[in-house]
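Please examine the sequence and the three-dimensional model shown below.

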Amino acid sequence: MDIKVEDVPAQHRFEARVDGALAGFAEYMTTDTLIVFTHTEVDPSFEGKGVGGTLVRGALDLVRTGEHKVLPLCPFVKAWIGKHPDYFDLVYDAPPSKVTD
């Protein structure tokens with residue numbers, strides 16, 4: 001199965017397509033320095049076929065071509081990155097908080 005991943009900035013998401021059909025998407029928000037992944041969804045007819053993993057890998061590969069870091073709030077994206085250490089360098093490393101009570 002040939003899965004194509006593309007950024008669709010107008011909809012704030014990366015999309016995975018199989019033969020032109022939308023198979024899944026990963027929604028995001030952006031700041032000047034971050035891409036915040038908020039939600040990932042795979043169409044039930046494509047579940048278990050590697051669409052989710054290919055979607056995340058493709059999205060992160062596209063992020064890597066720019067200057068942004070990734071903040072994975074989406075549990076799926078966060079778990080996927082956790083299993084693929086070669087993508088750890090993309091994850092935003094927040095400085096420790098200096099807030100006191």
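With which residue does Asp89 form a salt bridge? The partner is Arg64, and the closest N and O atoms of the two are 2.7 Å apart. A salt bridge is here a side-chain nitrogen of Lys or Arg within 4 Å of a carboxyl oxygen of Asp or Glu. This pair links distant parts of the chain, 25 residues apart: Arg64 belongs to helix 1 (residues 51–64), whereas Asp89 lies in the segment after helix 2 (75–82). Helices (H or I, at least four residues) and strands (E, at least two) are DSSP runs, numbered from the N terminus. Asp89 is partly exposed at 41% relative accessibility, and Arg64 is likewise partly exposed, at 34%. Buried denotes under 20% relative accessible area, exposed over 50%, and partly exposed the range in between (1.4 Å probe, protein chains only).

The model is predicted: local features need pLDDT of at least 70, side-chain atom pairs count only at pLDDT 80 or more, and totals for chains, interfaces and linings use all residues. Residues are numbered from 1 along each chain as its sequence is written, and side-chain values use heavy atoms, with hydrogens and water left out.

In total, the structure holds 5 salt bridges. One of them joins the side chains of Glu6 and Arg17, at 3.8 Å from N to O. Because Glu6 lies in strand 1 (residues 3–8) and Arg17 in strand 2 (residues 13–18), the pair ties together parts that are 11 residues apart in sequence. Glu6 is partly exposed, with a relative accessible area of 40%; Arg17 also counts as partly exposed, at 26%.

Another salt bridge brings together the side chains of Arg13 and Glu15, at 2.9 Å from N to O. Here the residues are buried: Arg13 has a relative accessible area of 13%, and Glu15 has one of 4%. Glu6, Arg13, Glu15 and Arg17 are linked in a network of salt bridges. In general, side chains of opposite charge can pair when their charged atoms come close.
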